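Reader: Please take a close look at one part of this model, the nonpolar core, and describe what surrounds it.

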Amino acid sequence: MKTCKCSSLAETVEVPMPRDAFVEKFKTIERSNTEWTDLFKCNLCNQFWVVEFGAEMDRRSNFAVKTKCKSLSEFDFLTARAGIESLKHGGLSRDICMFAGCSQQALKGIVFCSKHKL
Ligand SMILES: [Zn+2]
Ligand SMILES: [Zn+2]
């Protein structure tokens with residue numbers, strides 16, 4: 001197959017199982033064993049992706065985030081994780097995080113933002 005799904009996927013996506021099928025057309029650029037993520041480049045459209053690994057061992061889903069970074073050292077994990085948390089919770093609430101001094105929007109269904117949730 002000469003087409004890929006990259007352009008039709010959101011910026012942040014839950015990786016469908018098996019993970020290997022999702023990354024099948026991707027070339028591994030870099031792996032971080034401390035952040036539990038791989039940096040991939042799509043062989044077909046050259047889109048870069050940062051994809052989590054290992055979450056399935058905790059019976060959780062891995063998430064993938066589109067990026068323009070060509071190295072994991074440039075990648076903003078904090079912002080990416082905030083996007084992932086927001087996706088898991090189905091979006092942001094209208095309320096501000098209850099954590100003292102924080103002005104971020106809380107995640108839907110809870111009173112804290114992605115940074116301050118337990
Ligand atoms: Zn692609
Ligand atoms: Zn907060």
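Author: This is a predicted model. Its largest nonpolar core has 13 residues, and the members that touch the most others are Phe-40, Trp-49, Val-50, Val-51, Ala-64, Val-65 and Ala-80. Two or more residues of this core come from each of strand 3, strand 4, strand 5 (63-67) and helix 2. In soluble globular proteins, nonpolar side chains tend to be buried together.

Apart from its neighbours within four places in sequence, Trp-49 is in contact with Phe-26, Phe-40, Cys-42, Ala-64, Val-65, Lys-66 and Thr-67.

The strands named above belong to an open sheet of five strands, in the order 1-5-4-3-2 and with antiparallel pairing. Strand 1 (12-14) and strand 2 are at the edges with a single partner strand each, so each has one side without a neighbour in the sheet. From one strand to the next, the twist averages 25 degrees. Strands of a sheet pair through backbone hydrogen bonds, either parallel or antiparallel.

Strand 4 (residues 48-52) runs antiparallel to strand 3, and five bridges join the two. Across this pair, Asp-38 stands opposite Val-51, and Leu-39 has Val-50 as its bridge partner. Val-50 and Val-51 are both among the core members with the most contacts to other members. In a regular strand the side chains alternate between the two faces of the sheet. Strand 3 and strand 4 form a hairpin with five residues between them, and in its turn Asn-46 has a positive phi of about 70 degrees.

One of the pairings sets Lys-27 against Lys-41 in strand 3. The hairpin of strand 2 and strand 3 has four residues between the strands, and Trp-36 takes a positive phi there, near 55 degrees.

The helical contribution to the core comes from helix 2. Helix 2 (residues 77-88) has twelve residues and spans 16 Å from its first C-alpha to its last, close to the 16 Å expected at 1.5 Å a residue. Helix 2 lies across strand 1, strand 4 and strand 5, and runs at about 50 degrees to strand 1. After helix 2 comes Gly-90, with a positive phi near 80 degrees.

How values were computed:
Residues numbered from 1 in each chain as written. Chains lettered and ligands numbered in written order. Pairing = 2+ DSSP bridges. Expected span 1.5 Å × (residues − 1). Core = buried A, V, L, I, M, F, W, Y, C linked by C-beta atoms within 7 Å. Buried ≥ 20, exposed ≤ 12 C-beta atoms within 10 Å, placed from the backbone. Contact = placed C-beta atoms within 7 Å. Axes fitted to C-alpha atoms, helices over the stretch in contact; angles between N-to-C directions.
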